[in-house]
Amino acid sequence: MGIIGSTIKPFTATAFQKGKDFFEVSEKDLEGKWAVFFFYPADFTFVCPTELEDLGEKYAMLRQMGVDVYAVSTDTHFSHKAWHDTSEKIGKLEFAFLGDQNHILANNFGVLREGAGLADRATFVVDPDGVIQIMEITCEGVGRNANELTRKIKAAQYVRENPGQVCPAAWEEGSDTLAPSLDLVGKL
């Protein structure tokens, strides 16, 4: 699964977003921006709303960092709106929900469950050039952590803006980075 470093494939999806009419999103809308694709199995489920609510708590910060957020399931945009209109937790969320009932995005990112018609619980971070920089896929019963996602995006943005620097394990914004060299081999 060599998806890190690959370019996002063409797609068009209909989105639902709080306070807006339905609208189309394609890979062209991502040009020059950071984007998160936050796949989850289905609307009206159990772990998914807890993850989406957690991500929603970081949405303002992600927007300040120049990151667009797209929640994606194989449900339709109509289902996303119905969930948004009937769930207190989901009704608060301000990021876009993409309908992927034709499985274009789930197939493009390699997260469609064979025979189930559902996406895996997966996160992808795409840089302003459309290149996938981060991916995370977890099993059905394990929810993701928006704090860790935000930390990873900050690290990816730092590395992009500071060529020749890398972020070590557990790096936090403002912490020391490394400049890879032969002098470091065996000393860390």
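## Close-up views of the sheet and its helices

View 1. Within β5, Phe-97 is the bridge partner of Ala-71. Helices (H or I, at least four residues) and strands (E, at least two) are DSSP runs, numbered from the N terminus. This is a predicted model, in which local features need pLDDT of at least 70 and side-chain atom pairs count only at pLDDT 80 or more, while totals for chains, interfaces and linings use all residues. Residues are numbered from 1 along each chain as its sequence is written, and side-chain values use heavy atoms, with hydrogens and water left out. β4 and strand β5 (residues 96-99) run parallel and are joined by 4 bridges; two strands pair if DSSP finds at least two bridges between them. With strand β3 (residues 34-39), β4 pairs in the parallel sense over 6 bridges, and Val-69 of β4 is the bridge partner of Val-36. Between β3 and β4 the chain passes through helix α1 (residues 47-64), a right-handed β-α-β crossover (with the strands pointing away from the viewer, the path from the first strand over the helix to the second runs clockwise).

**View 2. Side chains of β4.** Of the 7 residues in strand β4 (residues 67-73), 7 are buried (under 20% relative accessible area; exposed is over 50% and partly exposed in between, with a 1.4 Å probe and protein chains only). Val-67, Val-69, Ala-71 and Ser-73 point one way from the strand, and Asp-68, Tyr-70 and Val-72 point the other way.

View 3. β1 pairs with β5 in the antiparallel sense over 2 bridges, and Leu-98 in β5 is the bridge partner of Ala-15. Contact means heavy atoms within 4.5 Å; axes are lines fitted to C-alpha atoms, for helices over the stretch in contact, and angles run from 0 to 180 degrees between N-to-C directions.

**View 4. Helix α2 and its buried face.** In α2 (residues 77-86), the residues His-77, Ser-79, His-80, Trp-83 and His-84 are buried. Down the helix axis they fall within an arc of 155°, so they line one face of α2 (the arc is that of the directions from the helix axis to the C-beta atoms). Phe-78 and Thr-86 are exposed on the face turned away from the buried side. The cover over the buried residues includes β1 (12-16), α1, β4, α3 (88-91) and β5.

**View 5. Tyr-40 in the loop between β3 and α1.** Tyr-40 sits in this loop and is buried, with a relative accessible area of 0%. Its side chain makes polar contacts with the side chains of Asp-43 (2.5 Å) and His-80 (3.4 Å). A polar contact is a pair of N or O atoms within 3.5 Å; within protein, one must be able to donate a hydrogen and the other to accept it, and residues adjacent in sequence count only if both atoms are side-chain atoms.
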